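Hello,

Here is the structure for your files. My notes follow below it.

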Amino acid sequence: MKVAIVGASGAVGQEFMRVLDEQNFPVSELVLFGSKRSAGRIFTFRGVDHVVQLLQHNDDFKGIDVAFVSAGADTAREFAPTITKFGTTMIDNSSAFRLDPDVPLVVPEVNGDDALNAPKHIIANPNCTTILMVVALKPLDNLSHIKNVQVATYQAASGAGLAAMDELALQFSEIATGKTTPTVEHFPHQLAYNVIPQIDVFQDNDYTREEMKMYHETRKILHSDIRVSATCVRVPVVRAHSEAVWIETERHISPAEARAALEKAPGVVVVDNPARAEYPMPLDCTRRDPVFVGRIREDTSSDYGLAFWVVGDQIKKGAALNAVQIGQYLLTHRK
């Protein structure tokens, strides 16, 4: 396939290249696109140097089969007609099209067939926190319909991009050398030695946009009336997000039944041995493909509730890997 990456120099764009290689995606030709700032940069893919081209409104996407796009919502909206006008499938990592009824929102382990009906030639990659959660929810929802979800996220600096990851490292360095007011540019407050209970901007209901993404996107992906209440928190971890999840189902599901279903589920690894202090942690899950689940137990506040802990690499499964898996699904299922 002839493949394009839009936003090639960013954290997710770089991860796209690594994942395409790791997954042995059949790339016959790779074309990289970026902004004026990144145009001209050179990146190596499978031993061949590729120069980043300036993203423009022209015919550069003619003949390209699939474009993996991670360039922000505004750029995605502006360039979608240019990218798709010759039939290129655009797999977009931004929030631009996620709730568009004519754009499927896809996590292949959960609703892969939705990708086969994309009338605008656009498929949306969900928010990273939503991806990690729904991979764990799906096998449990198959046992009994999930009515309600409460989730608290512990989101790494990687969710805010490469510059934010660098800022966290800089803050720790500055504090270690005695600086009392470390550099704060990419977060609302100092993140080092702190947690920030705000990701994205607050909405009229006092939930942040990140939190409402989890509500709306989960319902769309699962085709469900499920209700989700989220509190999203930035923590001083470089990479890999964690989530504490509580669910309420229509019938009682025992922890043993839930554990068995999760162990069989695609894309899930269960790490759940509290007696030996074994449970998923960001340090162990960074740069790994699966969604890791542990701390599976009954919710003591509900007769039909379960609680569990989810960890996954935000840049990998939460972004680039999920998008590439969508491309793989199209390859194997399209007629």
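The buried residues of helix α6 are covered by elements that include α3 (108–111), α4, β9 (146–155), β10 (227–234) and β11 (241–249); contact here means heavy atoms within 4.5 Å. Helices (H or I, at least four residues) and strands (E, at least two) are DSSP runs, numbered from the N terminus. Buried means under 20% relative accessible area, exposed over 50% and partly exposed in between, with a 1.4 Å probe and protein chains only. The buried set of α6 is Glu-210, Glu-211, Met-212, Lys-213, Met-214, Glu-217, Thr-218, Ile-221 and Leu-222.

This is a predicted model, in which local features need pLDDT of at least 70, side-chain atom pairs count only at pLDDT 80 or more, and totals for chains, interfaces and linings use all residues. Residues are numbered from 1 along each chain as its sequence is written, and side-chain values use heavy atoms, leaving out hydrogens and water.

Helix α6 (residues 209–222) has 14 residues and spans 20 Å from first to last C-alpha, close to the 20 Å expected at 1.5 Å a residue, the expected span being 1.5 Å times one less than the number of residues. Just after α6, His-223 has a positive phi of about 50°.

Helix α4 covers residues 128–143 and contains Asn-142, which is exposed at 53% relative accessibility. Asn-142 and Lys-179 lie 37 residues apart in sequence and 52 Å apart in space, C-alpha to C-alpha.

Zero disulfides (cysteine sulfur pairs within 2.5 Å) were found in the whole structure. For Cys-128, the nearest cysteine sulfur is that of Cys-232, 8.7 Å away. Cys-128 is buried at 8%, and Cys-285 is buried at 2%.

Regards
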